[in-house]
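Trainee: Could you take me through this model one question at a time? I'd like to see how each answer is reached.

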Amino acid sequence: MLTCGLVILNYKDATTTAKLLNHIKDFGELEHIVVVDNCSPDNSFKELKKFACDKIHVIKSERNGGYSYGNNFGAKYLIKNFNVDLIGISNPDVVFENDFVAEIKRLFAENPDYAVISGKMILPNMPKTNLMRRIKSNLKKRFFKWAEKISKRTNSDKTRQDKTRQDKYSANLITVKGLPGSLYFIRSDDFLAMKMFDENVFMYYEEDILSYKIQRLGKKIGRADNIRFIHEHNYGNENYSNLTRLKLLYYGHKSSIYFFKNYICENKAVQIFYCTIANLWFYVCIVPKFLILRPLFKLLIKIL
């Protein structure tokens, strides 16, 4: 029987993490749960320590190194102390059941060629994507595909799937190119073989990088549509200041460039072209919008 440990990364959100722990603490299919407090500047670590027991382990990272560093910190703890077969990576704001984990274990046992498996994600708070966001997303995907075609990496990446398809070994498992980062499970051996998450990325593109590493191992990523979990993500971000939103966009901007240069394209000329366009877009279009135009617009509203 495969053993399973779960990593929950917390940063300044002990309330949400506590809610998840109360829900899953008695799950029989989860042998170990480790909560990593990513050096929260608030009282999170002290609050979450109250949940510590034989099954739940609450630890604190050495520094706030972002999503990749924090989850690696927790995964290493599970492997070193309990040598688990499977590691779950979970956001605090998800809801899933014990049967969900049981089915994940079954699918891993029956499909040894899969490195990562999750279920179908339900987003109850998901807004309709606006037209501009769709255009930007489609343009980036097209550009990335074009860059891959002229890159040496494309020729060595023969295991990559161009389309979602149903696996012949399991009626419930669908082979996909990638999964959302809110909840998924990975084989410990494969995770170690791909050298875990790339800690050069602080935030965003972690799952994209992970999917490339998995495909280079010759393994697969699977989604089981017969099991579902809820991601209770708040897309409004109404309480975020302009500076905080800009900071998040900056992380995404840096990660995009790193991902492109290290995983998408080896052609130096194309790398320079992409970095130039990406920097122009960020510093000319995005920065003024958040630091100048939005505050000015709010000021005009107050005056008028």
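Mentor: Helices (H or I, at least four residues) and strands (E, at least two) are themselves DSSP runs, numbered from the N terminus. This is a predicted model, so local features need pLDDT of at least 70 and side-chain atom pairs count only at pLDDT 80 or more, while totals for chains, interfaces and linings use all residues. Residues are numbered from 1 along each chain as its sequence is written, and side-chain values use heavy atoms, leaving out hydrogens and water.

Trainee: Which residue stands opposite V36 in β3?

Mentor: Strands β2 (32-37) and β3 (residues 56-60) run parallel and are joined by five bridges. Within β3, the residue opposite V36 is I59.

Trainee: How many of the five residues of β3 are buried?

Mentor: Buried means under 20% relative accessible area, exposed means over 50%, and partly exposed lies in between (1.4 Å probe, protein chains only). By that rule β3 is largely enclosed by the rest of the structure, because the number of its five residues that are buried is four.

Trainee: In β9, which residue is the bridge partner of I87?

Mentor: Start with the strands: β4 (residues 86-90) and β9 run antiparallel, with five bridges between them. β6 (residues 114-122) also runs antiparallel to β9, through two bridges, and there V116 faces I186. In β9, the bridge partner of I87 is likewise I186.

Trainee: Which residues point the other way from L183, F185 and R187 in β9?

Mentor: Strand β9 (residues 183-187) is mostly covered, with five of its five residues buried. L183, F185 and R187 point one way, and the residues on the other side, also buried, are Y184 and I186.

Trainee: Why is α8 largely enclosed by the rest of the structure?

Mentor: Helix α8 covers residues 206-216, and it is largely enclosed because eight of its eleven residues are buried. Those residues are E206, I209, L210, S211, Y212, K213, I214 and Q215.

Trainee: What is the phi of K195, roughly?

Mentor: K195 sits in the loop between α7 (188-193) and α8, and it counts as exposed because its relative accessibility is 71%. Most residues other than glycine have a negative phi. K195 is not a glycine, yet its phi is positive, about 60 degrees.

Trainee: And where is C39 placed?

Mentor: C39 is another non-glycine residue with a positive phi, near 55 degrees. C39 is partly exposed, with a relative accessible area of 23%. Its place is the loop between β2 (32-37) and α2 (44-48).

Trainee: How far apart are the closest N and O atoms of R106 and E110?

Mentor: A salt bridge is a side-chain nitrogen of Lys or Arg within 4 Å of a carboxyl oxygen of Asp or Glu. R106 and E110 are both in helix α4 (residues 98-110), four residues apart, about one turn of the helix. Residues three or four places apart in an α-helix point the same way because there are 3.6 residues a turn. In the salt bridge of R106 with E110, the closest N and O atoms are apart by 2.7 Å.

Trainee: How many salt bridges does a search of the whole structure find?

Mentor: R223 and D225 form one, with closest N and O atoms 2.6 Å apart. Elsewhere, salt bridges with shared partners link E29, E31 and K105 into one network. For the whole structure, the search finds nine.

Trainee: Which helix gives the most to the nonpolar patch?

Mentor: Patches are made of residues with over 30% relative accessible area and no salt bridge, joining like charges within 9 Å and nonpolar side chains (Val, Leu, Ile, Met, Phe, Trp, Tyr) within 5 Å; areas come from the Shrake-Rupley method with a 1.4 Å probe, counting only the protein chains shown as cover for residues. Y250, F273, I277, L280, Y283 and V284 make a nonpolar patch of about 590 Å². Y250 belongs to helix α9 (residues 242-264). The helix that gives the most, with five residues, spans residues 268-303 and is α10.

How values were computed
Two strands pair if DSSP finds at least two bridges between them.
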